[in-house]
Amino acid sequence: MLTKADYEKLCDEIWEHNRLYFQEGRPRISDDAFDALVRKLQAIEAEHPEWISPTSPTQRIGEKPLAGFAEVRHTTAMLSLEKAFSREELIAFENRIKKLLVNKTIEYSAEVKIDGLAVAVTYENGHYVQAVTRGDGVLGSDVTQNVKTCRRLPLRLTHGSLPHHLEVRGEVYLPKKAFAAMNEERKQAGEPLWANPRNAAAGSLKLLDPKEVAKRSELSIAFYGAVFSRDVPKLTQSQMLAFLKELGLPILPYVAHCSSIDEVMAFADSIEKKRHDIPFGIDGVVVKIDNLKDFEELGATHKHPRGAIAYKFSAEQAETKVLDITVQVGRTGVLTPVAELEPVFLAGSTISRATLHNFEEVSRKDIRIGDTVCIEKGGDVIPKVVSVDLEKRPSAASPFSPPQSCPACGSPVVSDPQEVALRCSSEGCPQKRARRLIYFAGKDGLDIEHLGEKVMLQLIDNGYVTQPADIFSLTQEQLATLDGFKDKAITNLLQSIEKAKKTTLSKLLMALGIRYVGSQVASSVAKIAKTIDKLSKMTVEDFETIEGVGIKVATSIVSYFASLEHLAEVQALQERGVVIEEAESAAIVPDHPLCNKTVVLTGTLSSMTRHEAIERITACGGHVSESVSKKTDFVVAGDSPGSKLDKAQKLGVRVLTEEEFNAICKFS
């Protein structure tokens, strides 16, 4: 007779085979035999549902979508690492350590720095119970159900001297193949590409439905340490990794024990040379004091642990040729030059195009058709042209001349003395209209899932969508005529469209694509106007009373709603069932550090969208500005910050990392 003990024994057997396959890479049984064990377990659980444990191998994917992510306070702060970009900076790090650890022998553990998302994972009596993101280092988001989908993560530990309570720190990441496949799917769907594997991993973990997390990604995980407790001895870092491996946890590969900074640099150089062969994205090497007692004794500043530093690799570059320079037309009519490149492999993918941003950039760098150029692909998917090799320039190559007419409709091109951009002068330009519709449904607009650029272009080409409201009257019959659209794809898109019918005033303002209206302006205007009806009747003078809205923005919004065509579009949206929720005034936190402060955002934030960041700032009583000046109080710098960061540093404006920004927002 089958007992619960037999059931538990089978669970342990499956977890052991899972460990051998994913952690050790030496399976003892075939895939078919493993699948047979899982089917046997499923049959037992169907007969005895009362036996099912949360850590059963069948329970990796949760059944119910999450209502949201609860905040959890870390037992020990998860601090970010100080960064070094040269051997000299590593030596300076060592000299600081030597001053604090007098007469002690200093050895290091050097480990690859995975391009992933830091998490803290807790086990009780060997059972997985919780996973929390780093967040601001003090408070993180509870992503227990989503991290559970990582196939390398054991839900039950069955080896070694199991501590009663174990909190381990690690990185959730997306392997290169999975990242490339995910971006290819997004490209085919016309959706924005993930900037890097870390953003893709973070985006996946933020999904509220664990089933969607498992379906959309192949998240993996690796651990690099544990929080000290009575159950976890204070070992060396090298011994700590061996201890975690003994417990059956996946640990960081590519680790070296080093006796000097020279050995650290030799390890880092060897890793950098073979970084393309490593199956996951890395952006450097983490250097730690190997003796964990000394590491703990060193303590931390308010930002970083003193005993560790991240040595960052330089951005990857490649040489290729410019085969042509084409011109794209955007939703506002802006003409953007694009370099069509001789395909070259760079940072894990083949590059054949690179944006040249604007014609002033083309002129400044003197980029010509036929030139041999150096392209760079740091954290971004879209590469940029860094420089031209003038010695390899063909004698017949001539300077590139901006077009005098729109390449899409042939209308005259106009320039604005206050802007670098050239624009198509025709409001009827088919390319402008198409781009507006794509933007309306896209990430910065209503963010309608499954309605990416390629799908929208098909809808436009077939004449199904000529204005935004047409999206909300699409039929199953129309969608069935699109390439690659089967029953499930049709159902998914129609459900997403139905969901998008309920929106906010600020989100709709963004989606309409009114010139000069960005996230912060849309948020500020929506809080004052409250409704679309009132907003459409406001005057330039009304808008100018709103902080951050000047004459240029005010005139643009008033001009937009003065157009009968635009008013008809908004009315059509409402007639098709779009409900615009009334904006609520934010409750400002008294005496908040951001209250009455001017904040500028630059770069990409990993833990929130730009719109969410703006809402946090305004909720704290702050004001978001587009440009940096002497009046700017803070600049929040995310990944790949632009010239705003340079200007802030020149002006002495305080620059906040994403972690510092999160910490300030939680001030009370």
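**Close-up views of a predicted model**

View 1. Five strands lie in the order 2-11-10-3-9 and form an open sheet with mixed pairing. Strand 2 (82-84) and strand 9 (255-258) are the edge strands, and each pairs on one side only. On average, neighbouring strands of this sheet are turned by 30 degrees against each other, direction ignored. Strands are DSSP runs of E with at least two residues, helices are runs of H or I with at least four, and both are numbered from the N terminus. Two strands count as paired if DSSP finds at least two bridges between them. The model is predicted: local features need pLDDT of at least 70, side-chain atom pairs count only at pLDDT 80 or more, and totals for chains, interfaces and linings use all residues. Residues are numbered from 1 along each chain as its sequence is written, and side-chain values use heavy atoms, with hydrogens and water left out.

**View 2. Strand 2, strand 11 and the helices on the sheet.** Strand 2 and strand 11 (residues 308-312) run parallel and are joined by three bridges. Ala-84 stands opposite Tyr-311 in strand 11. Helix 3 packs on the sheet, where it touches strand 2, strand 3 (108-114), strand 10 (282-289) and strand 11; contact means heavy atoms within 4.5 Å. The direction of helix 3 makes about 175 degrees with that of strand 11. Angles run from 0 to 180 degrees between N-to-C directions, and axes are lines fitted to C-alpha atoms, for helices over the stretch in contact. Helix 8 (residues 237-246) lies across strand 3, strand 9 and strand 10, at about 55 degrees to strand 3.

**View 3. Glu-94 in helix 3.** Glu-94 belongs to helix 3 (residues 87-100). Its relative accessibility is 12%, so Glu-94 counts as buried. Buried means under 20% relative accessible area, exposed over 50%, and partly exposed in between (1.4 Å probe, protein chains only). Leaving aside residues up to four places away in sequence, Glu-94 touches Tyr-108 and Ile-261.

**View 4. His-17 in helix 1.** Helix 1 (residues 4-24) contains His-17. This residue is buried, with a relative accessible area of 12%. Not counting residues up to four places away in sequence, His-17 touches Arg-28, Ile-29, Phe-34 and Leu-37.

View 5. Four strands in the order 22-21-23-24 form an open sheet with parallel pairing. Strand 22 (623-625) and strand 24 (654-656) stand at the edges with a single partner strand each, so one side of each has no neighbour in the sheet. From one strand to the next, the twist averages 35 degrees. Three bridges pair strand 23 (residues 634-637) with strand 24 in the parallel sense, and Phe-634 has Arg-654 in strand 24 as its bridge partner. Helix 22 (residues 610-619) packs on the sheet and touches strand 21 (598-602) and strand 22. The direction of helix 22 makes about 165 degrees with that of strand 21.

View 6. The largest cavity has a volume of about 40 Å³. On a 1 Å grid over the protein atoms alone, a cavity is a set of points where a 1.4 Å probe fits but cannot get out, and lining residues have an atom within 4 Å of a point. Grid points are joined across faces, edges and corners, and the volume is the space filled by probe spheres set on the points. Among the lining residues are Trp-15, Arg-19, Pro-154 and His-159.

Terms used: 1 Å grid on protein atoms, 1.4 Å probe; cavity = no way out; pocket = protein on both sides within 12 Å on 5 of 7 lines; lining within 4 Å.
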